[in-house]
Amino acid sequence: MDATAIRTNVNNTFNNAYARCLTHSRKINWDIDRDVIRFRTLDSTQKFLPDSLSKVHELPFLDAQEQIFLSQIQGRTYAYIFGLSERFINSKVLEMSMQHSLGDQTALMALLQFSVEEMKHQELFDRMEVLAAAALPAGYQMTADANEVARAVLSKSTWAVLGLTCCIEIFTQLHYKESIRTNHNLSPLFQDVFRFHWLEEAQHATLDELEWQRIHDTLTPAQIDQGVDDLIALVQALDGILQAQAAADAHYFISNCSRGFSPQQQEHIHHTVLKAYRWQYIVSGVQIERFQQELARKINAAQQARIDTALAPLLAFVTA
Ligand SMILES: [Fe+2]
Ligand SMILES: [Fe+2]
């Protein structure tokens, strides 16, 4: 095969992948009101997150009602953090779309569809956050602003933003599986949120892989090296948001329980909420083989070692 034929072949493979995502996306397209919320509200007697994500079962001194309450707070934070993430993801997807605007029209359409879906997810999570607010006492705090976070994320290289996005969209699939596997007393509405979100995220993860690779192939080794530094910085910044939110949520939980907790128990609650958030938003993604392979094919051993070193304290915290 000559060089032109190889290029055509590669382009066809890419186009087919974009076309497959678009076709599947159109087939499964869902509506927030008709398919997901369906005039339901959140039941204050049910958990909003499965225990495998919330880790509330690791606090045996909490009674059943307290574990439900802590799960609900984390569910509200899940809606908040995802609503916030959709903001920067969509902005980057729109930027990627423009790069195809005078080229591959199938890729352009697939990415525009991706963008519309992320706008819809943003609305879904905003509405879930409002429904969670109605089921919970006053005083809940959101510690980061979506636009400020988006501006900070988007100041980093596209290689790194696409890497982080790829990780997030891959781990939503694991979260859906967990919502089926450990669903005892789990809100059916939240379960539907996991399911419908995953249905569209499955295409997004593939599109992220395609776009991340496409951008990667245009970069110099020095630019890729900068991308690795940026990706580490993004994960550390995300962890900063999680630390602030875990502290706020633990405080909110303790303040709204009808009994007091010892200083050791308060520390245990705070530690467990942070452990849950690091698991939900970072470690559950970076441990998935699919993400590891996507990353590994783009970086050298020294860069992998830098990433491993940066992630090591987070992994140790979650697995301890
Ligand atoms: Fe999404
Ligand atoms: Fe997505």
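Colleague: Why is Gln-67 called partly exposed?

Modeller: This is a predicted model, and in it Gln-67 has 19 other C-beta atoms within 10 Å. Buried requires 20 or more and exposed requires 12 or fewer, so a residue in between is partly exposed. Gln-67 therefore counts as partly exposed.

Colleague: Where does Gln-67 lie, and what does Gln-67 touch?

Modeller: Gln-67 lies in helix H4, residues 64-98. Leaving aside residues up to four places away in sequence, Gln-67 touches Val-56, Leu-59 and Leu-62.

Colleague: What makes H9 and H12 roughly parallel?

Modeller: The axes of H9 (residues 221-256) and H12 (residues 301-319) cross at roughly 5° and come within 10 Å. Angles under 35 degrees count as roughly parallel, so H9 and H12 are roughly parallel to each other.

Colleague: Which residues meet where H9 contacts H12?

Modeller: From H9 come Asp-225, Val-228, Ile-232, Val-235 and Asp-239; from H12 come Gln-303, Arg-306, Ile-307, Ala-310 and Leu-314. By class, this contact has six nonpolar, one polar and three charged residues.

Colleague: How do you know that the radius of gyration agrees with a compact globule?

Modeller: For 320 residues, the value for a compact globule would be near 20 Å; the protein has 20 Å, so the two agree. Along the principal axes, the C-alpha atoms fill a box of roughly 75 × 45 × 35 Å.

Colleague: How many helices and strands does the protein have?

Modeller: The protein has twelve helices and zero strands. Of its 320 residues, 40% count as buried.

Key: Residues are numbered from 1 along each chain as its sequence is written. Chains are lettered from A and ligands numbered from 1 in the order in which they are written. This is a predicted model: local features need pLDDT of at least 70, side-chain atom pairs count only at pLDDT 80 or more; totals for chains, interfaces and linings use all residues. Axes are lines fitted to C-alpha atoms, for helices over the stretch in contact, and angles run from 0 to 180 degrees between N-to-C directions. Helices (H or I, at least four residues) and strands (E, at least two) are DSSP runs, numbered from the N terminus. Angles under 35 degrees count as roughly parallel, over 145 as roughly antiparallel, 65 to 115 as roughly perpendicular and the rest as oblique. Two residues are in contact if their C-beta atoms, placed from the backbone, lie within 7 Å. Ala, Val, Leu, Ile, Met, Phe, Trp, Tyr, Cys and Pro count as nonpolar, Asp, Glu, Lys and Arg as charged, and the others, Gly among them, as polar. The radius of gyration is taken over C-alpha atoms; the globule rule is 2.2 Å times the number of residues to the power 0.38.
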